[in-house]
Amino acid sequence: MGKGGGCVPSKNRPPKGVSDKDLQNPESDGPVSDQNQTQATQTNPIDHAIAQRHLRVFIVFYSMYGHVEVLARSIKRGVDSIDGVEGFLYRVPETLSSEVLEQMKVPKKDGNADEVPVILAERLVEADGLLFGFPTRYGSMAAQMKAFFDSTGHLWREQRLAGVPAGFFVSTGTQGGGQETTAWTAITQLAHHGMLYVPIGYTFGARMFEMDSLRGGSPYGAGVLSGDGTRKPSETELALAEHQGKYMAGIVKRFAHPSFCAPGHGLD
């Protein structure tokens, strides 16, 4: 007996008093009954709830001189271009004092109208997908981003981020300064949380093979070459970042089905 649905005749045995010849073939002999149509179109309430809201990709970054932030904004444009997915920009907390930052001639970030809010680790569970951006420090992530990952211990303990798609984008001073190593040395952070690492591979197509100009980025994710700090991201670097946003948004939509995993709530 179906739950709250009364008795349903067996598919293999006709109801009492009805012969096999009297039964129609539901695939070819006639229209489906109203009851079957209702059952076929009935949706899972969780599926419906997900369809009613935009999926969220958090773009979490540290940018000292602005290069990573420029990539982050291009990534957001890519995410926002995919129907049903929205990107959100967040900055990780600074660990250096204002005096040190002033001596390093770091541009002040407070007071700007379009200032990106600072995120705390507990907010990560609200995301359906995560993209982390940071500059390199000797071939691995900057200390500010590492400190942020170090603050996620309570999420790791309960595996709250397990199953969440995540990726990276980076900034380096030179071509050999860590465009690949800065990303792949960060994969350990995702592995311990059980997150799903999403590289872009060569999905950018022929532009991944362009050799006529300097370009950051790799199969691990978007990237920019900052040089001495005065170089601006090229059109190709910005296009690759936007592509990564689109690509991640598409992946997040694939993994949004609750029968696989509810992002931000582990793999229970």
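1. Tyrosine 65 sits in the loop between E1 and H3. In this predicted model, the residue is partly exposed, at 41% relative accessible area. Together with Leu96, Val100 and Met104, Tyr65 makes a nonpolar surface patch of about 310 Å².

2. On to the charged pairs: the whole structure has eight salt bridges. One of them joins glutamate 69 to arginine 73, at 2.8 Å from N to O. The two are four residues apart in helix H3, so about one helical turn separates them. Glutamate 69 counts as buried at 16% relative accessibility, while arginine 73 is partly exposed at 26%.

3. Arginine 123 and glutamate 126 form another salt bridge, with their closest N and O atoms 2.9 Å apart. Both ends are partly exposed: 33% for glutamate 126 and 31% for arginine 123.

4. Glutamate 237 is buried, at 0% relative accessibility, and arginine 231 is partly exposed at 22%. Elsewhere, salt bridges with shared partners tie Glu69, Arg73, Arg91 and Glu115 into one network.

5. Glu237 is also one of the buried residues of H9, along with Leu240, Met248 and Ile251, among others. Those buried residues pack against several elements, including helix H3 and strands E1, E2 and E3. H9 itself covers residues 235-255 and reaches 31 Å, close to the 30 Å expected.

6. A word on confidence: mean pLDDT is 82, with 74% of residues at 70 or more. I'd flag residues 1-11 and 20-41, where pLDDT stays under 50.

Definitions and conventions. Residues are numbered from 1 along each chain as its sequence is written. This is a predicted model: local features need pLDDT of at least 70, side-chain atom pairs count only at pLDDT 80 or more; totals for chains, interfaces and linings use all residues. Side-chain values use heavy atoms; hydrogens and water are left out. The expected span of a helix is 1.5 Å times one less than its number of residues. Buried means under 20% relative accessible area, exposed over 50%, partly exposed in between (1.4 Å probe, protein chains only). Contact means heavy atoms within 4.5 Å. pLDDT is the predictor's confidence in each residue, from 0 to 100. Patches are made of residues with over 30% relative accessible area and no salt bridge: like charges are joined within 9 Å, nonpolar side chains (Val, Leu, Ile, Met, Phe, Trp, Tyr) within 5 Å. Accessible areas come from the Shrake-Rupley method with a 1.4 Å probe; for residues, only the protein chains shown count as cover. A salt bridge is a side-chain nitrogen of Lys or Arg within 4 Å of a carboxyl oxygen of Asp or Glu.
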